[in-house]
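Guide: Take your time with the picture below. Then ask whatever comes to mind.

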Amino acid sequence: MIFDKNITTDSTVDLIPIGSNAGNIESIYISNAAHSHVLIDVYFEDASGTTFYLIRRVSIPSGAALVLTDNVAFNNNIFKLKITVEATSGTPIVDVLIR
């Protein structure tokens, strides 16, 4: 299954909610189309709100992308996948593609 999301505000977004039958995730592609760099957190969160970070406060320069391939598979019956996006200036334009 493929998920995609376009994020254009400083925000925290559920990429894959608990119980959404995400299947086996192989990669998370995050690209920055904004004019400044963005800070990114990608993490799993369980129903009690406990978080397990894949990456935290990683800076992605304007026009660049980050691909996560290690340890991205998770039990979607227990966890959801979330992202936090913060632009260093201006408006973030972040595209996320999950395969």
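Visitor: What is the relative accessible area of arginine 57?

Guide: Buried means under 20% relative accessible area and exposed means over 50%, with partly exposed in between (1.4 Å probe, protein chains only). Arginine 57 falls in the middle class, partly exposed, because its relative accessible area is 47%.

Visitor: What pLDDT do local features need in this predicted model?

Guide: Residues are numbered from 1 along each chain as its sequence is written, and side-chain values use heavy atoms, without hydrogens or water. This is a predicted model: totals for chains, interfaces and linings use all residues, side-chain atom pairs count only at pLDDT 80 or more, and local features need pLDDT of at least 70.

Visitor: Which strand holds arginine 57?

Guide: Strands are DSSP runs of type E with at least two residues, and helices are H or I runs of at least four; both are numbered from the N terminus. By that count, arginine 57 sits in strand E5.

Visitor: What is the phi of arginine 57?

Guide: Most residues other than glycine have a negative phi. Arginine 57 is not a glycine, yet its phi is positive, at about 55°.

Visitor: Where is asparagine 71, which also has a positive phi?

Guide: Asparagine 71 is not a glycine either, and its phi is about 60°. It counts as exposed, because its relative accessible area is 65%. Its place is a loop, between strand E6 (65–68) and E7.

Visitor: How many strands are in the protein?

Guide: There are zero helices. Along the sequence the pattern reads β-β-β-β-β-β-β-β. The strand count is eight.

Visitor: What is the radius of gyration of the protein?

Guide: The radius is taken over C-alpha atoms, and the globule rule is 2.2 Å times the number of residues to the power 0.38. For 99 residues the rule gives 13 Å; the protein is close to that, so it is as compact as a globular protein of that length. Its C-alpha trace spans about 35 × 25 × 20 Å along the principal axes. The radius of gyration is 13 Å.

Visitor: What share of the contacts with a separation of 6 or more joins residues 24 or more positions apart?

Guide: A contact means heavy atoms within 4.5 Å. Among contacts in the protein with a separation of 6 or more, the share from residues 24 or more positions apart is 75%.

Visitor: Which residues line the largest cavity?

Guide: On a 1 Å grid over the protein atoms alone, a cavity is a set of points where a 1.4 Å probe fits but cannot get out, and lining residues have an atom within 4 Å of a point. The structure holds one cavity of 30 Å³ or more. The lining divides into two nonpolar residues, one polar and three charged. Its members are Leu39, Ile40, Asp41, Arg57, Thr84 and Glu86.

Visitor: Which strand gives the most to that lining?

Guide: Two strands each supply at least two lining residues: E4 (38–46) and E7 (79–87). With three residues, the one that gives the most is E4.

Visitor: Which side chain makes a polar contact with the side chain of threonine 84?

Guide: Threonine 84 is in strand E7. Beyond four places in sequence, it is in contact with residues including Ser11, Leu39 and Tyr43. A polar contact is a pair of N or O atoms within 3.5 Å, one able to donate a hydrogen and the other to accept it. At 2.9 Å, the partner is threonine 12.

Visitor: What is the length of the polar contact between lysine 82 and glutamate 45?

Guide: Lysine 82 is also in strand E7. It counts as buried because its relative accessible area is 12%. Beyond four places in sequence, it touches residues that include Thr12, Asp14, Asp41 and Glu45. Its side chain and that of glutamate 45 are joined at 3.4 Å.

Visitor: How far apart in space are isoleucine 98 and valine 72?

Guide: Isoleucine 98 is in strand E8 (residues 94–98). It counts as buried because its relative accessibility is 2%. Valine 72 is 26 residues away in sequence, but the C-alpha to C-alpha distance is 9.8 Å.

Visitor: Which residues does serine 59 touch?

Guide: Serine 59 lies in strand E5 (residues 51–60). It is partly exposed because its relative accessibility is 40%. Not counting residues up to four places away, it touches His37, Val38 and Leu39.

Technical notes: 1 Å grid on protein atoms, 1.4 Å probe; cavity = no way out; pocket = protein on both sides within 12 Å on 5 of 7 lines; lining within 4 Å. Points joined across faces, edges and corners; volume = space filled by probe spheres on them. Nonpolar A, V, L, I, M, F, W, Y, C, P; charged D, E, K, R; others polar.
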